[in-house]
Amino acid sequence: MAILEIITYPDPLLAKPCREVTELDEDLARLVRDMGETLYAKSGLGLAAVQVGDDRRVLVYDVSEERDGSEMGVLVNPRIVATEGQVVSENEGCLSVPEYRADVNRYEQVRVEGLDPEGRPVCLDADDLLAIVLQHEIDHLEGVLFIDRISSLKRELYKRRVKKRLKREEEEA
């Protein structure tokens, strides 16, 4: 197993919809294992394959208190098929959007359908933190970042901050 590098905004891969998984093979199994390792190493609650540079529709998540790997979930080709209610996800953050947090409007409950890594159908009804994490990660698979869901003013301020940081790093190199 390996801890993978997290790609960060403004990497263009993060803005592209991911492709459906068509082969449930050892390569996919390895990706899932490495994503799990990376999820725990980076103290994330969820991780989409695109965040580690792979454009397949795969995500892993764990919202348990133990965070020991025993409750990690995996979804292949997940889709939100039903939603209910509204909630504000307070102080939402993202491994691919480092050092920034914001309040994001989310659905209170979601039903997600997909496959497990062996190709068996999965139907998951989620609320609370799990619903927010699943929406966040499925957004990644659609090429949407949580900063795309905040006000344009806050988004522009964040983008400017990133551009300044990148320019400063370039000058120092």
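In this predicted model, the largest nonpolar core comprises 30 residues. Those with the most contacts inside this core are Tyr 61, Val 97, Tyr 100, Leu 134, Phe 146 and Ile 147. Six elements are listed here as giving two or more residues to the core: strand 2 (58-61), strand 3 (73-94), strand 4, strand 5 (121-127), helix 2 (128-141) and helix 3. Beyond its neighbours within four places in sequence, Ile 147 is in contact with Tyr 9, Val 97, Tyr 100, Arg 155 and Tyr 158. A second core is separate and has 14 residues, including Leu 31, Leu 47, Val 58 and Val 60.

The strands pair as follows. Strand 2 and strand 3 are antiparallel, with 4 bridges. Within this pairing, Val 58 has Val 76 of strand 3 as its bridge partner. Strand 3 also pairs with strand 4, again in the antiparallel sense, over 12 bridges. Here Val 76 stands opposite Leu 115 in strand 4. A hairpin of 2 residues joins strand 3 to strand 4.

Helix 3 spans residues 152-172, 21 residues in total. From first C-alpha to last, helix 3 reaches 30 Å, close to the 30 Å expected at 1.5 Å a residue. Its buried residues are Arg 155, Tyr 158 and Val 162. Viewed down the axis of helix 3, these buried residues fall within an arc of 65°, so they line one face of the helix. They pack against strand 4 (97-115). The face of helix 3 turned away from the buried side carries the exposed residues Leu 153, Arg 160, Lys 163, Lys 164, Lys 167 and Glu 171.

Conventions
Residues are numbered from 1 along each chain as its sequence is written. This is a predicted model: local features need pLDDT of at least 70, side-chain atom pairs count only at pLDDT 80 or more; totals for chains, interfaces and linings use all residues. Side-chain values use heavy atoms; hydrogens and water are left out. The expected span of a helix is 1.5 Å times one less than its number of residues. Buried means under 20% relative accessible area, exposed over 50%, partly exposed in between (1.4 Å probe, protein chains only). The arc is that of the directions from the helix axis to the C-beta atoms. Contact means heavy atoms within 4.5 Å. A nonpolar core is a set of buried Ala, Val, Leu, Ile, Met, Phe, Trp, Tyr and Cys residues joined through side-chain atoms within 4.5 Å. Two strands pair if DSSP finds at least two bridges between them.
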